Amino acid sequence: MPCPFPGMDPYIERPEIWPDFHDALVTAIRGLLQPLLKPRYVALMQDRLYIVRDDQARKPDVAIVRSSSREPRRGVAALLEVDTPAIFETYREEIRQPLIEIVEPAAGNKIVTAIEVLSPDNKSSGPGRTSYLVKRDQYVESGANIVEIDLLVGGQPTVKLKADKLASIQPWRYLVAVSRWPTLDEVYAFPLERRLPRIAVPLAYEDRDVPLDLQAAFARSWDEGPYPELLHYDRPAPSGLSDAEQRWCGEQLKRVGF
């Protein structure tokens, strides 16, 4: 079954589906770029790793202190019962998020461009966003270009543009930000109702950009994935959509038989 939407499918943002789609889309993007980059460059999939800690309090029922007798011996300090502490079990979970690095093998695998597909935890406060922003700063400091692909309705955008500049390019639902080192930013802003854009992926300054058709990458991910079977469209679309967007989604689904 083809995707019922002409561009991004907002229903894929469901938490139980998004991680699989995210990884599939990153793989599809690499597959489209690889033949365009050779022979000077190659696209590598890398992982950005961060740790999530979850603390759970467990209060004991009884605290017991052993002693050799019921009464303290003469000349020996009495053992004191300690106060009852709260006990925490700390869980550590390693989260890996794949991304793409375009490198130049002849220059010692120098990273010329990084491509990130944002996940929900990159757009909300916490270790996921912190990890993402730290890694982005590292790319900038190393002289690399950055492509940020944001196909999520929810969360706070990561693009460096100020709010007034973002407002000046309304209306839009999704963003792709291309940061050309050192100072030039390009933003592809597009509504839910439109196909995903074809973007220019920068390489080294002296080389021409390579085109990336995001809609083609999405279609490959959709066709090779389990999404038609998982998405029965029996739940509401993401709550961040406007009333007009919600109505449009309903009309699209009815048009194809849902």
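## Arg-40 and its partners

Arg-40 is partly exposed, with a relative accessible area of 31%. Keep in mind that this is a predicted model. Now look at who Arg-40 pairs up with. One partner is Glu-104, in a salt bridge whose closest N and O atoms are 2.9 Å apart. That pair ties together distant parts of the chain: Arg-40 sits in the loop between α1 and β1, Glu-104 sits in strand β2, and 64 residues separate them. Glu-104 is buried, at 12% relative accessible area.

Arg-40 also meets Glu-206 in a salt bridge, at 3.0 Å from N to O. Here the two residues are 166 apart in the chain, with Glu-206 in the loop between β7 and β8. Glu-206 counts as exposed because its relative accessibility is 56%, and the cut-off for exposed is over 50%.

How many salt bridges does a search of the whole structure find? It turns up 13. Another of them joins Glu-148 to Arg-136, again with the closest N and O atoms 2.9 Å apart. Glu-148 is in strand β4 and Arg-136 in helix α2, 12 residues apart, and both are buried. Meanwhile, shared partners join Arg-40, Glu-104, Glu-206 and Asp-207 into one network.

Over in helix α4, the buried residues are Leu-214, Gln-215, Ala-217, Phe-218, Ser-221 and Trp-222. They lie on the same side of α4 because they cover an arc of only 160 degrees around the axis. They pack against α1, β4, β5, β8 and α5. The face turned away from that buried side carries exposed Asp-223 and Glu-224.

Notes. Residues are numbered from 1 along each chain as its sequence is written. This is a predicted model: local features need pLDDT of at least 70, side-chain atom pairs count only at pLDDT 80 or more; totals for chains, interfaces and linings use all residues. Side-chain values use heavy atoms; hydrogens and water are left out. Buried means under 20% relative accessible area, exposed over 50%, partly exposed in between (1.4 Å probe, protein chains only). Helices (H or I, at least four residues) and strands (E, at least two) are DSSP runs, numbered from the N terminus. The arc is that of the directions from the helix axis to the C-beta atoms. Contact means heavy atoms within 4.5 Å. A salt bridge is a side-chain nitrogen of Lys or Arg within 4 Å of a carboxyl oxygen of Asp or Glu.
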